[in-house]
Amino acid sequence: MGSGVIRWGIARTRTKTPSPRTIAEIQAALTDLPEYGRERDRRIRAMQDVATAWITAGDWASVFALRAWAWRHPLFDTPRALLRGFLRRWEEALLSGAPLADAATLVRDDVTTAVFDPWERLAARATWAELRPLLADDRAAWCVAEARVLRGETLGGRSPHSGMPLRRFRWEPELEPPSFSVMGASWGSGGFRSTLAPATLPSAIERLAHEPEWEHLFSVWSEWDTQVVKVAGTGIQALATLLGAHGAAGRWHPQGAVTVGRCPWKEALAAMMRMHGYPAPYTDGHGLAEARRAVWRVLAAAAGVRWPVGGSRLQAAMKGWRWSRYDPHEPYAEADLWSLFLTLEDPRRGLAWATYAWVTD
């Protein structure tokens, strides 16, 4: 039963922190940057040291100016740009450390950031009552409100942009939100606690077209091996059909057996939110507010109810659902942590789904 804490941040140099230089000097050092080699690494480290010194000293005016310059530079300005990760770290530091009113200027629909979920960091700093006057009346502001709900606030009503209720229902899981600082973030990942036992797979059956909302849930793992199978049958039949589609039953278990176990409702939903919001290394999460939306839309689609839907209505539509999880014994796949090996069965309608998603470093 895996658990762990992921930590990252802007690296602190072990040598004496160099005296801060001007942005013009940083820009000059990055002009004609070599493609490879020690000289390139030296110039990048020097830039990083200067930015780290400003962040450590709380020189937010310089960090804001550095950010503004980087957004106009081809080494930073696109998602695949060489130094994009540094720009993201600077923005994360600004969101977590700059004066609240200044940090809030980065959380607007008309401001593009390298950070995927700037509202999550801002929401960690103050209450909705404190943050609301600093925000525009746009989607980004209501993302902050949704993030505050996941930090324990009850605001009432719905987001006018996502349709999500601005309160948490008792059937929803309680995830510990990340802890942010100017030097990084940390969050716990509880993993699964339910146990597994060997089970013999039946024959695969015909697949049905599954709901497109599943694809959005798995979008953070778009470059990895993910799949969803829907069948008119049971959860174990959905699993057999899924693993058969991967050629898995013979490869992993010559006798056609896997380890399967019932999964508590909240444990399954927590794993889905964690996967979409803050997934495994080398993947880009979207934060817990977006993860909650993605999970709700999957649940509503699977239940066959129209969106938007209220929490009580959705709970009633999911009555009798049975969640299970399994371990396909894929080499390097952590079935208890960085994966989503789940099945869902709706006995009332005779439908079932099985998911297969994992990453490896």
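Which residues in helix 2 meet which residues in helix 4? From helix 2 come Ile 44, Met 47, Gln 48, Ala 51 and Ile 55, and from helix 4 come Phe 86, Trp 90 and Ala 93. The model is predicted. The protein has 361 residues, and 52% of them count as buried. Its secondary structure comes to 14 helices and nine strands.

**Overall picture**

- Take the contacts between residues at least 6 apart in sequence: 68% of them join residues at least 24 apart.

**Helix 2 with helix 4**

- Helix 2 spans residues 38–57, and helix 4 spans residues 84–97. Their axes lie 11 Å apart, at an angle of about 5 degrees.
- Angles under 35 degrees count as roughly parallel, so helix 2 is roughly parallel to helix 4.
- The residues of this contact divide into seven nonpolar, one polar and no charged.

**Helix 12 with helix 13**

- Helix 12 covers residues 265–277, and helix 13 covers residues 287–303. Their axes come within 8 Å and cross at roughly 130 degrees.
- Helix 12 and helix 13 are therefore oblique to each other.
- The crossing of helix 12 past helix 13 is right-handed.
- On the helix 12 side, the contact uses Leu 269, Met 272, Met 273, His 276 and Gly 277. On the helix 13 side, the residues include Gly 287, Leu 288, Glu 290, Ala 291 and Arg 292. Ala 294, Val 295, Val 298 and Leu 299 of helix 13 also take part.
- By class, the residues of this contact are nine nonpolar, three polar and two charged.

**Helix 8 and its cover**

- Helix 8 runs over residues 139–149. It is mostly covered, with ten of its eleven residues buried.
- The buried residues are Ala 140, Ala 141, Trp 142, Cys 143, Val 144, Ala 145, Glu 146, Ala 147, Arg 148 and Val 149.
- Their cover includes helix 6, helix 7 (128–131) and helix 13.
- Ser 159 sits in the loop between helix 8 and strand 2 (179–181). Its relative accessible area is 3%. Buried means under 20%, so Ser 159 is buried.
- Ser 159 touches Trp 142, Glu 146, Met 164 and Leu 166, leaving out residues up to four places away in sequence. Trp 142 and Glu 146 are among the buried residues of helix 8.

**Two partly exposed loop residues**

- Val 111 is placed in the loop between helix 5 (100–104) and helix 6 (118–123). At 24% relative accessibility, Val 111 counts as partly exposed.
- Leaving out residues up to four places away in sequence, Val 111 touches Arg 67, Thr 105 and Leu 106.
- Val 111 and Ala 140 are 29 residues apart along the chain, and 9.7 Å separates their C-alpha atoms.
- Gly 350 is in the loop between strand 8 (342–346) and strand 9 (351–358). Its relative accessible area is 31%, so Gly 350 is partly exposed.
- Gly 350 touches Val 231, Ala 232 and Gly 233, again leaving out residues up to four places away in sequence.
- Gly 350 and Gly 235 are 115 residues apart along the chain, with 9.7 Å between their C-alpha atoms.

**Backbone points to check**

- The peptide bond from Trp 307 to Pro 308 is cis, and its omega is near 0 degrees. Pro 308 belongs to the loop between helix 13 and helix 14 (311–317).
- Asp 32 has phi near 55 degrees, a positive value in a residue other than glycine. Asp 32 lies in the loop between helix 1 (23–30) and helix 2. At 69% relative accessibility, Asp 32 counts as exposed.
- His 329 has phi near 55 degrees, also a positive value in a residue other than glycine. His 329 lies in the loop between strand 7 (322–327) and strand 8. At 39% relative accessibility, His 329 counts as partly exposed.

Note on methods. Residues are numbered from 1 along each chain as its sequence is written. This is a predicted model: local features need pLDDT of at least 70, side-chain atom pairs count only at pLDDT 80 or more; totals for chains, interfaces and linings use all residues. Side-chain values use heavy atoms; hydrogens and water are left out. Helices (H or I, at least four residues) and strands (E, at least two) are DSSP runs, numbered from the N terminus. Buried means under 20% relative accessible area, exposed over 50%, partly exposed in between (1.4 Å probe, protein chains only). Contact means heavy atoms within 4.5 Å. Axes are lines fitted to C-alpha atoms, for helices over the stretch in contact, and angles run from 0 to 180 degrees between N-to-C directions. Angles under 35 degrees count as roughly parallel, over 145 as roughly antiparallel, 65 to 115 as roughly perpendicular and the rest as oblique. Ala, Val, Leu, Ile, Met, Phe, Trp, Tyr, Cys and Pro count as nonpolar, Asp, Glu, Lys and Arg as charged, and the others, Gly among them, as polar. A crossing is left-handed if the near helix is turned anticlockwise from the far one by less than a right angle, and right-handed if clockwise.
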